[in-house]
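Below is a short report on one structure. Please keep the sequence and the model side by side as you read.

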Amino acid sequence: MRFSHKLIMGGWLLVAQAAIAHGPRTMPLTDLPVPSVPGLVDGSSPIVVDPQMAVALGKALFWDMNVGSDGQACASCHFHAGADSRTKNQMNPGEKSSQATGQTFDVLGSGKGGPNHTLSLADFPLHQYSDPFNSASTLIRTTDDTVASAGTYAGNFQGVNQFNGANDVCDRSADPVFHVGSVGTRRVEPRNTPSVINTIFNYRNFWDGRANNIFNGSSPWGDRDPNAGVWVKTGARTVAKQRLHLENSSLASLAMGPPLNASEMSCVGRNLAMLGRKLLLRAPLQNQKVHYQDSVFSAMGLTNSTASEAKAGLNTTYKAMITKAFNPKYWSYTALGPFGAPAPGQTPYNQVEANFSLFFGIALQMYEATLISDQAPIDLTPRDAANDPTWQGMGKSVEEIASLKRGQAIFEGNHCLICHGGPLATTAAISSYSTVLTPTPGKFYGPAHARIPYGPDAFGNDGQAAYSGLTRFGNVVDRASVADGSYKLTDVGFANTGVANPLSDPGLNANDDFGNPFSFAKQYVQYLLGNNAGVFDPGIATQRSCDFQYALSFDIDVGAIFPGYFTAFEGVQAEGSREGVTLQQDCTDPSTAFIPTVSAANASLTANPAALAESTQASFKIPSLRNVELTGPYMHNGGMATLEQVLEFYSRHGNFVNPDQNEFLPAISLATSAQDRTDVIAFLKSLTDERVKYERAPFDHPEITIAHGHEGDETSVTAGNAISPVLGKEEYMVVPAVGAGGKATPIGPFVDQLQ
Amino acid sequence: MNKSTKKLTLWSAAAIVGAGQLFATAAQASAATSSYVTVTYTINSIQNLTHPGDLSGLDILGSFDLASLDNNPYQLITGSGSVTPTLTGTGSSAVTGSYSRTLQLDAGAENWSSVSANYLAWFSLAFNNTSATDSYDVDLTLSYDLSAAASGNSAFSDATATFYNEDSSFSNFADPAYVQAAAGVAGFGAMSNSHGFNFTLAAGEAETVYVDASINATMAPVPLPAAAWSFLIGALSVLGLKRNKSACQSV
């Protein structure tokens, strides 16, 4: 006998997802706890012994053009509200695509495109319909090209200079993809640059989640990398390579990528010990002016500048900063030990060089952890008894306040919170969210005038957070509903909204350098199948299916296989029972606190394939909407230039209906009312922190000169770059140094840069 | 052709004397470093707790030399560069009141030459109670001076000292000492410190206080005036080649 589908849904699912406000609400970011990193600055032998110096080291490394092989700093792509507002030479042909078109450039809406093209309004959106609110109307144009960020010329790495010059010695040639005629242009990386601000809260980073939550000291892959480690002085005269396992350190993992990436910052074949050799004996920010009131460097007396004269560089070296910031066991080994050498006949590495990946990753993470924008209007507004913003006393007119309130209600009513939920407006902030969702007497977050107690209602009354699968237990896996109406295992904090052809970029559905999938959902399936060799990241075995948005198993025998679910008919066991622990307490729905037995799971692969199905194709990390006003162009492919275009995208329920598209896209009703969309945009703009707009501390920074296209256009480029005669002459954007007090004029949205 | 090889060949062939010399040093080099580590053990008092006044059962031996390890000392010199270590009083010797030794490393390089050197020395003072019956109480002060200086351009030197006793039990040994000097950035660094120790050796026991100290000197001077360094976004070797040619022509 089979129960009707509807009855089962009512009995075992969460409250039906009607068009009511639901999901973790946009609470203030103030005092949201940064995820703890055990052992970093605490414990009996902390890695960092001077956190203030580590932050200064990280700020210097982030802005220093000497880090790249040819003038690229991290900030070269992360300088405008933490993202990139450049318009020239920003096109990638779609290199993440599995199709041949990903290697060739398309003509965009302006009639032009490709290397050294200057973007204009006519190029956006990349996927354009005759009626932007109707995806059944005529498709005017589409492309798998992406609007991203120009990086390095690449080339084969040969050596570094330890004292002078930004450029590494590399074998340079005109790139086979990025060139105009025979003249080489800077390569462009394949995905739009997200903002670095507030990323300390993300459980994982990069659009595809490959920057692992665990930092292993030398690569982005966390525990997955068998060769990773750091050199530790173990005794008076002994040093040994040891494994490192630093939790909640995805930003340190991330930092291992771009400085070695041949589209972003580096010639091919460089390693981080070599980067250390290049930088250690130099003054940080050697050729870049530092503001005499820099919020980090001035407070520590590190800047050479005065009120009357701006000077370049800090008054120390990278090596000196490292010896002050880090535990001596990572740098004080006195012999030239077993660290290898760059090449036969060259000076062997010392311990500081061998551990440079550790210092680089951690310093950058500690600096980036200071980039939290928690003073936006949404944070500062007074709140009423229901903790809703009142917007009073902030200089807003009656009409503005009404628009903000309507905008927030429409945002919530259209299910946006399910993905863009909580104070960060993304569910990717798993660890911090789980902390404040844990009932903790006496603990609050939020501004002084509107304190919010920790507990299941921390993001809205009646447990709103649970609608997104968010609980105190911090699941990284969920079970969601996708476009074809089926339920699939997914990664928390990731979603497919149908921005582009799913074949153009697999997103989360890809593998690391060892052939193992990024996805947590895939690893969870392997765990359920009893294949522990298929589990690479920590925490997979303790996922709680009773908190999933849609149930996986229930302990009732319906007398037959119930497609898409596990029941006692096939065999279920209590959650945690495989490990001998109890995971059934404080469940969102206790009747679902079960997992299939190993044999039931394996049998389902043929008998009930929908049960263990997962959805990861073209699923991308949900970006935070904080400062979204300033961080265009939008989406992983940079395909939309304005917030209006983004709302048009949602109004028409996405660009590509595909099997993995999130269930809520078709439920969005924004197409009919222009006022609704105006109101939502007004609400989104309330997430902009004024300090980000005016680059006030902690968003102040040194001077940086950023490559911005080449002399000429997309049809012809002047050759004769000083680096190599076959490379194009550079055009530059100079971003002047800014001190703690910020700039006089605010930075603006990306669209202001377009003609 | 390998660009870095070409660059090195030109440097050794150029031998520009005097041009671009920014600082007067005794070695007439365009970059110079001078660094040292001095370690002094001072025995404040020794007492025979069993037979007061009888110090015959306690052997005290001081020792100082380059560490006998692969890759030590290390040096890589191209062109007109020099490395001059100074270690006086190497080997082992009996000690009564105090024992002081210095590891010094001077290095210099002309323009277009380079030096990379690393010297590691081991200092120690060993106490051996050879008596079968007596205990000794020792009061000792370990003091050390580190100094690093770098002048010219593109020159760097640092000194590191680590300290420990036989079983690593002396708690005030935790932190190493470190100084550095980077020409044009912060050309001089120095520090001094001292630690006191008091320990008792029963019959047949021994204790040693070790200092391992290394000095590094790295330099690769080029004849550019300081103001031009702020424009060094182009390839250094290209800029250098042009400078080289014009300098030759003016001579």
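## A residue to start with

Is A:Ala593 buried or exposed? A:Ala593 is buried, with a relative accessible area of 1%. Buried means under 20% relative accessible area, exposed means over 50%, and partly exposed is in between (1.4 Å probe, protein chains only).

A:Ala593 sits in the loop between strand S20 (572–574) and strand S21 (594–596) of chain A. Contact means heavy atoms within 4.5 Å. Setting aside neighbours within four places in sequence, A:Ala593 contacts A:Ser545, A:Cys546, A:Gln573, A:Ala574, A:Glu575, A:Gln584 and A:Cys587.

## Ground rules and confidence

This is a predicted model: local features need pLDDT of at least 70, side-chain atom pairs count only at pLDDT 80 or more, and totals for chains, interfaces and linings use all residues. Residues are numbered from 1 along each chain as its sequence is written, chains are lettered from A and ligands numbered from 1 in the order in which they are written, and side-chain values use heavy atoms, with hydrogens and water left out.

The predictor gives the complex an ipTM of 0.90 and a pTM of 0.93. pLDDT is the predictor's confidence in each residue, from 0 to 100. Chain B has a mean pLDDT of 82, and 76% of its residues reach 70 or more. Residues 1–27 of chain B have pLDDT below 50, and this stretch has 36 contacts beyond near neighbours in sequence in the model. Residues 227–251 of chain B also stay under 50. The model has 32 contacts beyond four places in sequence for residues 227–251. Where pLDDT is low, the predicted coordinates should not be read in detail.

## Chain A as a whole

Chain A has 15 helices and 24 strands. Helices (H or I, at least four residues) and strands (E, at least two) are DSSP runs, numbered from the N terminus. The C-alpha atoms fill a box of roughly 80 × 65 × 55 Å along the principal axes.

Buried residues account for 64% of the 755 in chain A. Among contacts between residues at least 6 apart in sequence, 71% join residues at least 24 apart. The accessible surface is about 25,300 Å², and 54% of it belongs to carbon and sulfur atoms. Accessible areas come from the Shrake-Rupley method with a 1.4 Å probe; for residues, only the protein chains shown count as cover.

## Backbone details in loops

Two cis peptide bonds deserve a look. One runs from A:Gly632 to A:Pro633, with omega near 0 degrees. A:Pro633 lies in the loop between strand S22 (620–621) and helix H13 (643–651) of chain A. The bond from A:Ala697 to A:Pro698 is cis too, with omega near 0 degrees. A:Pro698 is in the loop between helix H15 (690–693) and strand S23 (704–710) of chain A.

Next come two asparagines. A:Asn116 has a positive phi of about 65 degrees, although it is not a glycine. A:Asn116 lies between strand S1 (91–92) and strand S2 (128–129) of chain A, in the loop. At 0% relative accessibility, A:Asn116 is buried. A:Asn627 has a positive phi of about 60 degrees and is not a glycine. A:Asn627 is in the loop between S22 and H13 of chain A. A:Asn627 is buried, with a relative accessible area of 1%.

Helix H4 (residues 272–279) of chain A is mostly covered: eight of its eight residues are buried. Among them are A:Arg277 and A:Lys278. The cover over the buried residues of H4(A) includes helix H2 (51–63), strand S5 (156–159) and helix H7 (356–368) of chain A.

A:Lys685 belongs to helix H14 (residues 674–685) of chain A. A:Lys685 counts as partly exposed, at 39% relative accessibility. The C-alpha atoms of A:Lys685 and A:Phe554 are separated by 43 Å.

## A strand residue in chain B

B:Thr33 lies in strand S1 (residues 31–48) of chain B. B:Thr33 is buried, with a relative accessible area of 4%. Not counting residues up to four places away in sequence, B:Thr33 touches residues including B:Leu105, B:Ala149, B:Phe156 and B:Met219.
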